[in-house]
Amino acid sequence: MGELDGKVALITGAASGIGKAIAMAFHAAGARVVVADLDGDAAEMVAGEIDGGNGTALGLAMDVTEEGAVNQGFDEVASRWGAVDILVSNAGIQVIAPLVDFQYAEWKRLLAIHLDGAFLTSRAAMRQMIASGKGGSILMMGSAHSHVASKFKAPYVTAKHGLLGLARTIAKEGAAHGIRANVLCPGFVRTPLVEKQIPEQATTLGITQEDVIRDVLLRDTVDGEFTTLEDIARVALFMAAFPSNALTGQSLLASHGWVMD
Ligand code: NAD
């Protein structure tokens, strides 16, 4: 028996990095998984990688900032497998620049993906969870930056803090319907999102990439180590599968002690 046997889990941004690792772990725990991503081709490839073509993983093109696309994607899942039991709102990007140089369009793009995306997907998931009468579990991908700030990441830090408010509100509104909402807050994990920012930070700060890793990204960890995809997938499974409201409206840090809160 897997911990998620019989469950349907939709993970956004699951064609890469953390979302992909979570989709793989949830599938291994018995769930049918929806790999939703802006990149529909990559989503389908990852779904095939996960289920070997046996029909227990579904790749779905979904731009989480588009209301119509989100609702249509959830409808498609419901007509195939029934209501979603677990949502992982994970899609995200990073843009790095000093605040005084930040382009307004980039600020809005980042907030739309992280915050509008979390709202639209949570709303669609909650509607299904309420209609099914089964409730469910919503997990937001926060960050250590849900709790602390770093230079040059103004919209990212703002958005990740904002997710705490959204999850806490869903926890309160969802309780009557058996819906829990929590935030997982990783430290740095070596995904494409992080690989891209290492040279960018080196340029912005005028230091080497090795210095960025040691003196910026991992400086405040207890051991100078990156958090791994496996670490985050394991914590995500624990949080998504947790069976009671003892764990709702919470954020859990997995950051090698970078942030202790
Ligand atoms: P990644 O770049 O590997 O994956 C992000 C995925 O999101 C990509 O597949 C991309 O196509 C998708 N995406 C982007 N915009 C989208 C949109 N509008 N609609 C749907 N999908 C979209 O990044 P990752 O590191 O795996 O990041 C995943 C999440 O984890 C993000 O929310 C990120 O902020 C968070 N996070 C990452 C780290 C880290 O160190 N990597 C740490 C803390 C939090």
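Is lysine 196 buried, partly exposed or exposed, and at what relative accessibility? In this predicted model, lysine 196 counts as partly exposed because its relative accessibility is 48%.

View 1. Glutamate 200 is partly exposed, at 28% relative accessibility.

**View 2. Helices α6 and α7 pack at an angle of about 95°.** Their axes are 9 Å apart, and the two helices are therefore roughly perpendicular to each other. The contact involves several residues of α6, including Val194, Ile198 and Leu205, and several of α7, among them Val212, Ile213 and Val216.

**View 3. Leu205, Ile207 and Val216 make a nonpolar surface patch.** The patch covers about 190 Å². Leucine 205 belongs to helix α6, which spans residues 192–205, and is partly exposed at 34% relative accessibility.

**View 4. Glutamate 106 and arginine 109 are joined by a salt bridge.** Their closest N and O atoms lie 3.1 Å apart. Both residues are in helix α4 (residues 104–132), 3 residues apart, or about one turn of the helix. Glutamate 106 is partly exposed at 24% relative accessibility, and arginine 109 is partly exposed at 40%.

**View 5. Arginine 219 forms a salt bridge with aspartate 220.** The closest N and O atoms are 3.1 Å apart. Arginine 219 is exposed, with a relative accessible area of 55%, whereas aspartate 220 is partly exposed at 40% relative accessibility.

Note on methods
Residues are numbered from 1 along each chain as its sequence is written. This is a predicted model: local features need pLDDT of at least 70, side-chain atom pairs count only at pLDDT 80 or more; totals for chains, interfaces and linings use all residues. Side-chain values use heavy atoms; hydrogens and water are left out. Patches are made of residues with over 30% relative accessible area and no salt bridge: like charges are joined within 9 Å, nonpolar side chains (Val, Leu, Ile, Met, Phe, Trp, Tyr) within 5 Å. Accessible areas come from the Shrake-Rupley method with a 1.4 Å probe; for residues, only the protein chains shown count as cover. A salt bridge is a side-chain nitrogen of Lys or Arg within 4 Å of a carboxyl oxygen of Asp or Glu. Helices (H or I, at least four residues) and strands (E, at least two) are DSSP runs, numbered from the N terminus. Buried means under 20% relative accessible area, exposed over 50%, partly exposed in between (1.4 Å probe, protein chains only). Axes are lines fitted to C-alpha atoms, for helices over the stretch in contact, and angles run from 0 to 180 degrees between N-to-C directions. Angles under 35 degrees count as roughly parallel, over 145 as roughly antiparallel, 65 to 115 as roughly perpendicular and the rest as oblique. Contact means heavy atoms within 4.5 Å.
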